[in-house]
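I opened my notebook to jot down a few things worth looking up here.

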Amino acid sequence: MNKTDRLLAIVLELQRNEVLRAEDLAAIFETSVRTIYRDIQALSEAGVSVIGAPGQGYSLMEGYFLPPVSFTVEEAVTLLIGTDFIEQWFDTHYSSKSRTSRKKIEAILPEPIRSEATRIRKSFRLLATAEDKTRIQEKTYLEVIRRTILEERKISFHYSKRIAEANGNRQSVRTVAPYGLVLHQGSWVLIAWCELRQDIRHFRLSRMTELIELEDKFMLPADFHLDVYQPPDDRNVRVRIWVQPDIADKVRESNNFYIDTIEEHTEGLLVTLRVRQPEELLHWVLGWGAGVVVLEPESFRHRVRNELENTLKRY
């Protein structure tokens with residue numbers, strides 16, 4: 001951190017705390033106490049109202065705020081929860097920036113608003129999934145891909161498809177031009193031009209391995225805008241299932257991406273889903289056990305029956 005940034009950060013720390021000793025500031029900014037003395041002197045010469053009390057520490061004169069930004073309680077809570085979200089779901093670079101942003105926001109809030117915002121935030125909690133090995137790698141890839149998007153450079157990676165191809169293969173190597181990143185249902189998805197498919201494709205970061213940054217450049221199409229981009233809906237196969245009443249609420253709460261309609265009946269639910277191929281639903285359907293019955297298409301009913309028979313043979 002250079003001196004200019006540190007001077008501003010010291011003012012923000014003093015705004016967040018009534019009194020701080022030189023030793024406290026030195027520990028926060030990982031510098032010497034002597035450097036903090038010089039910084040305080042520089043702030044005073046610049047007109048910042050820093051008050052020093054021997055044996056107690058430094059504080060700002062009452063009423064001194066920098067910058068002159070005013071937030072309502074609701075606006076403050078919104079911004080602070082936003083920093084919590086960034087810290088949990090973005091890569092390490094933005095996670096660290098979210099923490100410093102949170103400190104700056106808290107620093108410029110008048111004490112009554114800061115106290116009320118803290119009280120309200122305690123009634124909210126954002127829960128992310130556990131930081132397992134897959135999610136840690138996903139965050140690492142997120143940082144790399146984010147950088148290549150900004151620099152308009154291609155990337156290459158090994159990708160594992162969820163549904164195997166006709167030959168049973170699920171693995172492939174892709175070289176793509178990364179257009180943008182989307183957080184969808186708790187998973188980061190890359191929107192990119194795939195050289196193998198010669199079209200825009202979507203790739204879950206959790207299914208990538210051996211990610212490589214390439215020197216090859218690309219140019220983002222002038223007509224591509226991530227904020228309005230809508231993938232073509234090619235889910236043309238309709239699957240209908242019957243759901244028993246005892247698990248009806250759980251099926252509703254599952255929020256399966258492929259669910260099209262849900263019809264309520266006293267005897268259960270009639271659920272219609274639209275997919276590219278029924279196999280996309282195989283494990284989801286099997287996961288409900290006898291609580292779900294496939295009505296159509298007939299070919300998918302046979303597929304589920306064969307899977308259950310094969311499972312039974314293992315027992």
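**Arg174.** I started with a side-chain pair: Arg174 and Ser172 are joined by a polar contact of 2.9 Å between their side chains. (A polar contact is a pair of N or O atoms within 3.5 Å; within protein, one must be able to donate a hydrogen and the other to accept it, and residues adjacent in sequence count only if both atoms are side-chain atoms.) This is a predicted model, where local features need pLDDT of at least 70, side-chain atom pairs count only at pLDDT 80 or more, and totals for chains, interfaces and linings use all residues. Residues are numbered from 1 along each chain as its sequence is written, and side-chain values use heavy atoms, with hydrogens and water left out.

Is Arg174 buried or exposed? I found Arg174 buried, because its relative accessible area is 4% (buried means under 20%, exposed over 50%, partly exposed in between, with a 1.4 Å probe and protein chains only). Arg174 sits in strand S4, residues 171-184 (strands are DSSP runs of E, at least two residues, and helices are runs of H or I, at least four, numbered from the N terminus). Leaving out neighbours within four places in sequence, the contacts of Arg174 include Phe157, Tyr159, Cys194 and Phe203 (contact means heavy atoms within 4.5 Å).

**H4 and H6.** Next I looked at how helix H4 (residues 73-89) packs on helix H6 (residues 111-121): the angle is about 55° and the axes are 9 Å apart. (Axes are lines fitted to C-alpha atoms, for helices over the stretch in contact, and angles run from 0 to 180 degrees between N-to-C directions.) Val73, Ala76, Val77, Leu80 and Asp84 of H4 meet Ile113, Glu116, Ala117, Ile120 and Arg121 of H6.

Which peptide bond is cis? The one from Glu296 to Pro297 is, with omega near 0°. Pro297 is in the loop between strand S11 (292-296) and helix H10 (298-313).

Then I checked phi. Glu152 has a positive phi, near 55°, and is not a glycine. Glu152 is in the loop between helix H7 (133-151) and strand S3 (153-160), and is partly exposed at 31% relative accessible area.

Asn255 also has a positive phi, about 50°, without being a glycine. I found Asn255 in the loop between helix H8 (248-253) and strand S9 (259-265). Asn255 is exposed, with a relative accessible area of 55%.
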